[in-house]
Amino acid sequence: MLEFKPLLLEAKTLLDPFFCNFGEGSCQHSFAAAFCLKEKYGNRYCIQDGFLFLLREKRCTKTEQVYLFPLGDMTDISTTRHAIDTLFEDAHQHGKKLIFETVTERAKDFLEKHYPEQFNIEEKRNNAEYIFSREKLAELPGKEYEGRRWEVHRFQKEYEGRYSIEELKPAHFEEVKIFSRRWYDNFYTEETNAQLRAEENALKLALKHFYELDLHGLVILIDGKIAAFEYGTPLNQNTYDGFVEKADRSYKYIYKMLNNSVAKRCPNTIEWLNWEEDLGHEGLRKMKLSYRPEYLIKKYLIKEKGLKN
């Protein structure tokens, strides 16, 4: 049985190489995400035989043991099979079936090829991640981005002399918390309560350990007050994950300005921006698609056969 450990801040140096080298640019595969969402998912980790295993303890049930797909070098088929077999054994020792959440297409294909007829596989469109060209979102070139350029210019003209863009620093943190509290109050419903509470708790944890988690961000100030903010983290050498962004929609085109500013302020070494999932929100999906993603990282829920649905 694997010995899973609490996901503490001190583990970052140990876990970062697994996320960076084998995470495929997925927003689920960063230490910052795993750490900040540990209360939501009950994330625990174990490193064994060259693979990182992540258990989602709070997602487990009486019959299901829930993990992320193991992170390691998948070019060696035998060692990858051994890692998966290790999770089979761990789940079965708990008297449960093996479940993988947020599985990438590459990992899904491996299971289909090497474990035929052993899993039920379901694509989860709501969990697909949107990947954009940083350069395109920074420059908004050509006719296809003409509308977005116009909206950014309209913001700049509308609030000329009143707005500024600054790096997100500790001096902004308390105002960010207050701003976020107002934002969440506007969106809490019985249906979204659990999701948004978990997100708000993750935000507080991120701000508490901002630099230790290698987070970066910006704020847009209008008349000296925060009108929007964003922060995120590099997933690898060429991909940046926009972890959280919030804006006051009473300011026209504020989100367009925020998206453009983030792309412009990312280092030129960043080729891709991960805008994460839309979680099935119709308006959010429409907006993300309107920016013309380069591709989606498809995600799958994979269950060992024999489970009751």
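Reader: I've clicked on Ile254. Which residues does Ile254 touch, not counting residues up to four places away in sequence?

Author: Bear in mind that we're looking at a predicted model. In it, Ile254 touches Phe155, Ile220, Ile222, Ala227, Ala228, Ala247, Asp248 and Arg249, with residues up to four places away in sequence left out.

Reader: What should I make of a list like that?

Author: Start with the general idea: in soluble globular proteins, nonpolar side chains tend to be buried together. Here, the largest nonpolar core has 67 residues, and Tyr231 and Ile254 are those with the most contacts inside it. Apart from that core lies another, of 28 residues, including Leu2, Leu55, Ala91 and Tyr115.

Reader: Now for helices. Which residues of helix 5 are buried?

Author: They're Ala107, Lys108, Phe110, Leu111 and His114. Look down the axis and you'll find that they cover an arc of only 160°, so they sit on the same side of helix 5.

Reader: And what do the buried residues of helix 5 pack against?

Author: They pack against helix 4, strand 5 (97–103), strand 6 (119–123) and strand 14 (300–304).

Reader: How do I read the way helix 4 and helix 5 pack?

Author: Check the angle and the spacing of the axes. Helix 4 (residues 77–93) and helix 5 (residues 105–114) pack at about 90°, with their axes 12 Å apart. Angles of 65 to 115 degrees count as roughly perpendicular, and helix 4 and helix 5 are therefore roughly perpendicular to each other. Ile77, Thr80, Arg81 and Ile84 of helix 4 make the contact with Phe110, Leu111 and His114 of helix 5. Sorted by class, that's four nonpolar, two polar and one charged residues.

Terms used:
Residues are numbered from 1 along each chain as its sequence is written. This is a predicted model: local features need pLDDT of at least 70, side-chain atom pairs count only at pLDDT 80 or more; totals for chains, interfaces and linings use all residues. Side-chain values use heavy atoms; hydrogens and water are left out. Axes are lines fitted to C-alpha atoms, for helices over the stretch in contact, and angles run from 0 to 180 degrees between N-to-C directions. Helices (H or I, at least four residues) and strands (E, at least two) are DSSP runs, numbered from the N terminus. Angles under 35 degrees count as roughly parallel, over 145 as roughly antiparallel, 65 to 115 as roughly perpendicular and the rest as oblique. Contact means heavy atoms within 4.5 Å. Ala, Val, Leu, Ile, Met, Phe, Trp, Tyr, Cys and Pro count as nonpolar, Asp, Glu, Lys and Arg as charged, and the others, Gly among them, as polar. A nonpolar core is a set of buried Ala, Val, Leu, Ile, Met, Phe, Trp, Tyr and Cys residues joined through side-chain atoms within 4.5 Å. Buried means under 20% relative accessible area, exposed over 50%, partly exposed in between (1.4 Å probe, protein chains only). The arc is that of the directions from the helix axis to the C-beta atoms.
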